[in-house]
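The following note is intended for a colleague meeting this structure for the first time. Please read the numbered points alongside the sequence and the model.

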Amino acid sequence: MVWTKEGRLLYSAVQVSEILHLSGDMETAIKVGSRHGKPVVYRVASGQMPREDYVFYRSVNGVRLTKEVPIQYLEKAEQEV
C-alpha cells in the first residue's frame with residue numbers, strides 16, 4: 001500500500017466489467033492506464049470507505065477491487081506521463 005502525506009491510500013482505478021481495479025502506486029497506475037489511452041490518475045481515500053460499508057476485495061495477484069468509488073473519495077493526482 002502507498003500512503004500520501006495526508007494519510008490517504010494512493011490508488012488508481014481501471015473499470016473492467018463493472019469492477020474497479022485499483023493500482024497501489026503511481027508507476028503502475030500510469031502503466032495500466034496507458035493501455036486505454038492517455039491515463040488520468042486519481043487518489044482514492046480508501047481508508048475511509050470501509051467505515052461507510054464499501055467493500056474491497058483482493059485478487060489472486062494482489063490487485064485490489066471494488067464495485068464503486070463515490071466522487072467524495074476521489075482526488076485527481078498530479079502525474080507525469
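1. Phe-56 is buried, with a relative accessible area of 19%; buried means under 20% relative accessible area, exposed over 50%, and partly exposed in between, with a 1.4 Å probe and protein chains only. The residue is placed in the loop between E3 and E4. Helices (H or I, at least four residues) and strands (E, at least two) are DSSP runs, numbered from the N terminus.

2. A word on the source is in order. This is a predicted model, in which local features need pLDDT of at least 70 and side-chain atom pairs count only at pLDDT 80 or more, while totals for chains, interfaces and linings use all residues. Residues are numbered from 1 along each chain as its sequence is written, and side-chain values use heavy atoms, with hydrogens and water left out.

3. Which residues does Phe-56 touch, not counting those up to four places away in sequence? They are Leu-22, Ser-46, Met-49, Pro-50, Leu-65 and Thr-66, where contact means heavy atoms within 4.5 Å. For Thr-66, which is 10 residues from Phe-56 along the chain, the C-alpha atoms of the two are separated by 4.9 Å.

4. Phe-56 also belongs to the largest nonpolar core, which has 8 residues, the others being Leu-20, Leu-22, Val-44, Ala-45, Met-49, Val-69 and Tyr-73. A second, separate core has 5 residues, among them Met-26, Ala-29, Ile-30 and Ala-77. A nonpolar core is a set of buried Ala, Val, Leu, Ile, Met, Phe, Trp, Tyr and Cys residues joined through side-chain atoms within 4.5 Å. In soluble globular proteins, nonpolar side chains tend to be buried together.

5. Val-44, a member of the largest core, is found in strand E3 and counts as buried at 2% relative accessibility. Between Val-44 and Lys-76 there are 32 residues of sequence separation and 8.9 Å in space, C-alpha to C-alpha.

6. How many aromatic pairs does a search of the whole structure find? The search finds 1. The rings of Tyr-54 and Tyr-73 have centres 5.7 Å apart and planes at 75°, so the pair is edge-to-face. Rings of Phe, Tyr and Trp (its six-membered ring) pair if their centres lie within 6.5 Å; planes under 30 degrees apart count as stacked, over 60 as edge-to-face and the rest as tilted. Because Tyr-54 lies in the loop between E3 and strand E4 (57-58) and Tyr-73 in the loop between strand E5 (64-66) and strand E6 (74-76), the pair ties together parts that are 19 residues apart in sequence. Tyr-54 is partly exposed at 22% relative accessible area, whereas Tyr-73 is buried at 3%.

7. Asp-53 is also in the loop between E3 and E4. The residue is exposed, with a relative accessible area of 69%, and its phi is near 70°, a positive value in a residue other than glycine. Most residues other than glycine have a negative phi.

8. For the chain as a whole, there are 1 helix and 6 strands, and from the N terminus on the elements run β-β-α-β-β-β-β. Of the 81 residues, 35% count as buried. Among contacts between residues at least 6 apart in sequence, 54% join residues at least 24 apart.
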